[in-house]
Each structure stands twice: as C-alpha cells, then as structure tokens.
Amino acid sequence: MPTHTEKSIQQMALAQVRTKRLLFYFWRMICLGKNVLVFLLTNVVIGGIILTLLEEELSFADGQYLAFITALTVGYGDLSPDSGLGRIVSCLIGVNGLILTGVVIALAVKGLELTFREEMEKLEHDPAPKA
C-alpha cells in the first residue's frame, strides 16, 4: 500500500502530465489558427502605421502603441486620435482587437475540450483501480 508521500508524488506527476497535455493541445490549436492570428495582428500593425500617417503629432512608436492599446481594449487615455479618420481607424482597430481576443479564447477552450475528452476516453477504457 502506497504511503501518503508516494500518493502525493503520484498526484504531482499526474498533474504535470495533464498540464503538458493541455499546453500541447493549446499550442496545436494556436498552430491551426495561426493564419487568423497573423492576419489580425498584421491589421493592428497596419492600423498603427495608418494612425501615424493620419495624426501629425504621433510618432511611429506612438502610433503602434496606440494601435496595440486600442486592440487590447485597454485604452489608457494618454494618447487618442484627434482627426475623424483617425477615430474611425481607431474604432476598426478596437473591433479587430475584440475579434483577436475572441479567437484566442476560442482556441484555448478548444484545447481544454480536447484535453478533457482525452481524459474521459482514458477513464472509459481503463479498468477501475483496485483498492
């Protein structure tokens, strides 16, 4: 009969295996969705360039900063576009950021689902442990 310490070690090893499996499935989902992620991130970078061109007081770094802060829906308020076109581009970047966030969350959930499904299939096929 295993001791309390041996049970703890077995539980930690099992948790480690499950974590690795979860990360594997999450990475696999990211790889499957990489085209969408690259497209959306490219839109943020291009949006930053457009903001730099539309807003005279923004440097290139400030334009990229504003685009990423807007895409991440943080909006600190330290920078904001002044022109009408700049505001429209900023809104489009924000919508793009919401979609990007949704895609990342969906990929993470799919990875969790695959991990859970694999665990359930293992439980169905393996006999119950003997006490």
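Helices here are DSSP runs of H or I with at least four residues, strands are runs of E with at least two, and both are numbered from the N terminus. The model is predicted: local features need pLDDT of at least 70, side-chain atom pairs count only at pLDDT 80 or more, and totals for chains, interfaces and linings use all residues. Residues are numbered from 1 along each chain as its sequence is written, and side-chain values use heavy atoms, with hydrogens and water left out.

**Overall fold**

- The protein chain holds 4 helices and 0 strands. From the N terminus the order is α-α-α-α.
- The radius of gyration, taken over C-alpha atoms, is 23 Å. A compact globule of 131 residues would come near 14 Å, by the rule of 2.2 Å times the number of residues to the power 0.38.
- Along the principal axes, the C-alpha atoms fill a box of roughly 75 × 30 × 15 Å.
- Of the 131 residues, 27% count as buried. Buried means under 20% relative accessible area, exposed means over 50%, and partly exposed is in between (1.4 Å probe, protein chains only).
- The chain exposes about 9,400 Å², and carbon and sulfur atoms supply 69% of that area. Accessible areas come from the Shrake-Rupley method with a 1.4 Å probe; for residues, only the protein chains shown count as cover.
- Among contacts (heavy atoms within 4.5 Å) with a separation of 6 or more, 63% join residues 24 or more positions apart.

- Buried residues in H3 are Gly63, Gln64, Leu66, Ala67, Ile69, Thr70 and Ala71.
- The buried residues of H3 pack against helix H2 (34-54) and H4.
- Thr73 follows H3. Thr73 sits in the loop between H3 and helix H4 (84-125).
- Phi of Thr73 is near 55°, a positive value in a residue other than glycine.
- Thr73 counts as partly exposed because its relative accessibility is 48%.

- Gly94 is found in helix H4. Its relative accessibility is 14%, so Gly94 counts as buried.
- Gly94 touches Thr70 and Thr73, leaving aside residues up to four places away in sequence.
- Gly94 and Ala13 are 81 residues apart in sequence, and their C-alpha atoms are 42 Å apart in space.
- Asn96 also belongs to helix H4. Asn96 is buried, with a relative accessible area of 8%.
- Asn96 touches Leu40, Asn43 and Val44, again not counting residues up to four places away in sequence.

**Nonpolar surface patch**

- Leu41, Val45, Ile49, Leu53, Phe60, Tyr65, Phe68, Leu72, Val74 and Tyr76 form a nonpolar patch on the surface. Together they have about 960 Å² of accessible area.
- H2 and H3 are the elements that give two or more residues to the patch. The largest share, 4 residues, comes from H2.
- Patches are made of residues with over 30% relative accessible area and no salt bridge; nonpolar side chains (Val, Leu, Ile, Met, Phe, Trp, Tyr) are joined within 5 Å, like charges within 9 Å.
- Val45 is found in helix H2. At 32% relative accessibility, Val45 counts as partly exposed.

- Lys110 and Glu113 meet through their side chains at 3.7 Å, N to O. Both lie in helix H4, 3 residues apart, about one turn of the helix.
- Arg117 bridges to Glu113, with the closest N and O atoms 2.6 Å apart. This pair also lies in H4, 4 residues apart, about one turn of the helix.
- An α-helix has 3.6 residues a turn, so residues three or four places apart point the same way.
- Lys110, Glu113 and Arg117 are linked in a network of salt bridges.
- Lys110 is partly exposed at 33% relative accessible area. Glu113 is partly exposed at 34%, and Arg117 is partly exposed at 38%.

Definitions and conventions:
Salt bridge = Lys/Arg side-chain N within 4 Å of Asp/Glu carboxyl O.
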